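Here is a short report for a reader meeting this structure for the first time. Look over the sequence and the model before reading on.

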There are 2 protein chains.
Amino acid sequence: MAEAITSREQDYSQWYNDLILKGGLADYSAVRGCMVIKPYGFALWENMRDQLDRMFKETGHVNAYFPLFIPKSFLSREAAHVEGFAKECAVVTHYRLKNDPNGGGVVVDPEAKLEEELIVRPTSETIIWNTYKDWIQSYRDLPILVNQWANVVRWEMRTRLFLRTAEFLWQEGHTAHATADEAVIETRKMLDVYAQFAEEWMAVPVIKGVKTANERFAGAVDTYCIEALMQDGKALQAGTSHFLGQNFAKAFDVKFSDKENKLEYVWATSWGVSTRLIGGLVMAHSDDQGLILPPKIAPLQVVIVPIFKNDVEKGMIDNKVAEIIQNLKDLGIRVKYDDQDNVRPGWKFAEYELKGVPVRMAIGPRDLSNNVVEIARRDTKQKQSVTMDGIAFYVQALLDEIQLNIFEKARRYRDEHITRVNTWDEFVETLQNKGGFVSAHWDGTAETEEEIKTKTKATIRCIPLDNEPEEGTCILTGKPSTQRVLFALAY
Amino acid sequence: MAEAITSREQDYSQWYNDLILKGGLADYSAVRGCMVIKPYGFALWENMRDQLDRMFKETGHVNAYFPLFIPKSFLSREAAHVEGFAKECAVVTHYRLKNDPNGGGVVVDPEAKLEEELIVRPTSETIIWNTYKDWIQSYRDLPILVNQWANVVRWEMRTRLFLRTAEFLWQEGHTAHATADEAVIETRKMLDVYAQFAEEWMAVPVIKGVKTANERFAGAVDTYCIEALMQDGKALQAGTSHFLGQNFAKAFDVKFSDKENKLEYVWATSWGVSTRLIGGLVMAHSDDQGLILPPKIAPLQVVIVPIFKNDVEKGMIDNKVAEIIQNLKDLGIRVKYDDQDNVRPGWKFAEYELKGVPVRMAIGPRDLSNNVVEIARRDTKQKQSVTMDGIAFYVQALLDEIQLNIFEKARRYRDEHITRVNTWDEFVETLQNKGGFVSAHWDGTAETEEEIKTKTKATIRCIPLDNEPEEGTCILTGKPSTQRVLFALAY
């Protein structure tokens with residue numbers, strides 16, 4: 001049998017770690033807070049990254065690469081930004097080691113101290129806007145629609161595999177525009193791209209909204225976000241898109257001459273998603289047997305397991321499987337034939353359930369003579385005997401169905417976990433017993449938001465973009481409110 | 001006119017910088033020794049990376065990701081490795097900044113000092129082999145065929161855009177094997193992959209060889225390399241593949257139980273190429289008008305420039321061009337229509353020559369009525385009027401021809417610059433006046449190699465894999481030698 005994993009009921013947090021570690025997605029590393037993304041996890045990330053990259057390019061963006069290091073002084077240029085990012089970061093102070101004169105390996109060479117410390121980028125607005133200063137003179141140089149795939153470091157005190165690690169992989173888009181309108185349109189466009197990716201590819205339903213001032217990105221005028229719901233009723237911020245106004249242009253003195261030859265500061269956006277998405281993906285769909293991965297991004301979509309007693313049977317199965325694999329590959333389906341002979345089929349079944357492979361085929365001698373194969377789908381665990389005629393097309397349609405089913409299941413769960421409450425007691429009771437998003441009136445002040453957080457740990461996840469105006473009274477203060485906002489406990 | 005670039009004759013080094021900067025490949029950054037890879041340069045890198053990635057996957061490798069940081073003590077575990085890599089590296093000593101009590105922005109918080117310093121990876125053998133220890137127990141866990149695409153940092157004192165930067169992008173393959181034979185075969189296989197990539201995709205002819213002990217990777221038993229020749233007669237190491245023996249397995253105590261249940265140390269290889277390849281590509285092919293990029297990896301393969309006097313003419317050209325572009329795209333050809341109206345066609349011609357776009361099409365009203373287009377190829381600068389019938393297929397064939405021609409030209413130059421010499425005077429004279437590879441006898445000692453380097457700056461680039469044994473005498477010491485080796489001045 002494959003390794004047993006903790007059930008969600010028993011210990012949700014341990015269940016999550018078991019899936020990541022035993023499912024082969026990632027490992028802890030020797031460096032505090034940093035993880036190793038294992039080949040299976042990285043293949044998943046590649047599929048996500050490649051699709052996002054296609055969507056960025058289809059919307060007119062190009063990739064570039066900016067330095068890993070940011071001069072310390074850059075962080076201080078934008079007042080809010082430094083408050084948000086300067087605190088927990090990796091600081092490079094020296095550029096050389098030397099042999100320990102006492103023979104204890106190598107030590108930092110005190111003579112190789114940098115004049116100005118370098119920060120390992122926690123995000124790249126500052127170094128990029130310092131560069132854009134050289135790239136932008138006239139309105140003809142705008143817009144700049146650049147994205148970067150990179151590693152970033154934030155020295156988090158409490159880390160969780162994928163969800164919160166000191167180093168993580170992400171993309172960060174940084175665009176420059178001639179007008180505020182154009183920048184806001186870009187901010188919203190990329191939010192739509194993220195939402196479309198989350199729903200159509202990750203099968204994770206999301207709510208698009210805008211953050212309150214408290215929860216805004218450090219240096220942004222407005223932060224838009226997509227919020228997803230995990231199976232334990234906690235929300236997860238899955239992506240953000242920021243309208244930065246002229247804050248960074250002013251901090252780095254980036255102006256352009258407009259059509260009337262007048263000098264204006266440039267308008268900016270930035271937007272990003274990270275390997276954190278993998279954590280959200282795992283928690284949104286998986287069950288007590290292991291990962292459930294949406295077919296569109298699953299590293300493996302189909303695994304074929306032969307059932308045989310001897311070499312003759314194995315040979316016959318091999319022949320048939322070769323044909324099936326070719327047909328599947330012709331349709332662009334990612335398939336593996338697992339014919340290793342040192343573990344039993346039952347072990348393999350459990351292993352591929354753990355790894356979340358959407359479709360499993362088993363073929364034995366009797367199947368061969370009946371011209372059928374046994375097909376098991378990971379999401380519902382249903383098994384079915386299916387004729388081999390046109391099996392590849394059957395599997396193709398099944399993968400689409402699984403993709404949709406995973407999404408619909410997550411959407412039903414999410415929809416059932418948006419609760420409208422009108423009183424403080426209902427609010428607390430819902431957070432404690434039901435979880436999920438709580439739609440409630442709030443008086444619009446940062447103080448009330450903070451007090452609610454202190455009392456319940458719940459934060460305002462977002463003000464949904466499709467909010468209807470509605471008169472009401474704040475659940476905490478009873479002051480008047482014009483719309484509901486979504487609260488939740490969150491990762 | 002596009003910006004003028006320095007000629008090779010006038011100042012080769014400035015010519016190179018002009019191409020990189022004005023050709024839009026990269027920029028200097030605010031961080032010493034680090035560069036910004038601009039969108040055009042990054043698109044070139046993406047094409048190279050994607051093809052290499054396909055070749056790695058076709059040879060059975062998978063990608064993974066390991067931490068950016070390496071605990072300082074890890075570097076000391078392998079004796080030769082620490083000598084090679086511990087010296088010039090970025091050292092993270094603190095994990096927090098705080099507001100300067102004197103009001104001068106932010107300062108390093110002295111209370112946030114790391115117990116053990118972290119090194120920004122200069123290469124990842126140590127952190128990876130520390131991880132492999134957990135992944136490998138039995139021969140069934142082998143081979144591990146993992147590659148990583150990553151950024152690395154080496155604190156170089158003298159930096160050159162792409163050729164030698166403090167931070168650079170690369171891939172590093174790290175494989176683990178049950179036997180020395182298998183590891184050596186892997187080392188050689190990846191060298192072949194690199195050579196094939198360099199020749200077929202970058203159109204850069206390379207010599208495959210093995211390094212002398214002096215030039216070996218720090219920690220390797222054998223370092224294989226591909227060596228290319230630049231137009232100034234200097235060699236450039238374009239990729240290396242290392243047989244690491246059991247050095248890292250011993251340093252990190254990585255053993256496996258073989259089929260007889262005996263514990264053995266694991267055998268290792270590592271291999272890498274980097275953004276340095278772009279520097280080599282530029283210097284191998286380009287001319288005084290700008291970049292010459294091989295079609296297979298050029299970000300843009302075809303640019304179309306309309307020649308018109310008024311909107312009516314422009315409209316007619318637009319219609320025809322839309323059709324041509326569709327036909328080109330159907331063949332997978334990367335094409336751009338540059339119809340901006342604020343610069344003249346001559347300016348555009350110069351600009352795309354500078355950027356090395358392989359094929360330029362110009363279409364004016366007279367071309368339209370004659371059903372032809374003017375085609376200019378970047379490599380030979382030949383212009384030709386070509387019928388529009390089946391123009392996409394014509395262009396497709398032309399791109400292949402250009403790819404081949406660029407390679408053949410570079411190969412002729414390289415072959416003409418391999419000079420066999422038998423005396424010290426010939427050796428020095430060839431290095432000084434002709435450049436290129438100098439094939440000469442050497443007595444096989446590190447001392448002689450060092451002395452030749454001190455006297456002439458020439459290093460042994462490699463001992464070619466296809467070397468014929470030949471009796472001779474060392475050009476410096478006159479001692480007996482059994483084979484020639486290739487010397488050159490090098491980047």
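By what turn and what shift along the axis can chain B be laid on chain A? The turn is 180° and the shift is 0.0 Å, with an RMSD of 0.0 Å. The two copies are thus related as by a two-fold rotation axis. In chain B, the C-alpha nearest that axis belongs to B:V92, at 2.1 Å. This is a predicted model, and what follows should be read as such.

**One chain**

Chain A holds 14 helices and 26 strands. Its radius of gyration is 26 Å, close to the 23 Å that the globule rule gives for 491 residues, so chain A is as compact as a globular protein of that length. Other values for chain A are set out below.

| Property of chain A | Value |
|---|---|
| Box filled by the C-alpha atoms, along the principal axes | roughly 80 × 70 × 55 Å |
| Share of the 491 residues that count as buried | 48% |
| Share of contacts between residues at least 6 apart in sequence that join residues at least 24 apart | 68% |

**Where the chains meet**

Why can one say that the copies meet through the same surface? Of the interface residues of chain B, 98% are also interface residues in chain A, so the surface is the same.

Strand 5 also pairs across the contact. Strand 5 of chain A and strand 5 of chain B run antiparallel, joined by five bridges. One pair can be named: A:E88 has B:R96 in strand 5 of chain B as its bridge partner.

**A helix in chain B**

Helix 12 of chain B covers residues 391–416, which makes 26 residues. From its first C-alpha to its last, helix 12 reaches 37 Å. That is close to the 38 Å expected at 1.5 Å a residue.

Which residues of helix 12 in chain B are buried? Among them are B:I391, B:V395, B:L398, B:L399, B:I402 and B:I406. B:F407 and B:A410 are buried too, as are B:Q403 and B:R414. An α-helix has 3.6 residues a turn, so residues three or four places apart point the same way.

How values were computed
Residues are numbered from 1 along each chain as its sequence is written. Chains are lettered from A and ligands numbered from 1 in the order in which they are written. This is a predicted model: local features need pLDDT of at least 70, side-chain atom pairs count only at pLDDT 80 or more; totals for chains, interfaces and linings use all residues. Two strands pair if DSSP finds at least two bridges between them. Helices (H or I, at least four residues) and strands (E, at least two) are DSSP runs, numbered from the N terminus. Copies are superposed by least squares on the C-alpha atoms of residues with pLDDT of at least 70 in both. Two residues are in contact if their C-beta atoms, placed from the backbone, lie within 7 Å. The radius of gyration is taken over C-alpha atoms; the globule rule is 2.2 Å times the number of residues to the power 0.38. A residue is buried if 20 or more other C-beta atoms lie within 10 Å of its own, exposed if 12 or fewer, and partly exposed in between; C-beta atoms are placed from the backbone. The expected span of a helix is 1.5 Å times one less than its number of residues.
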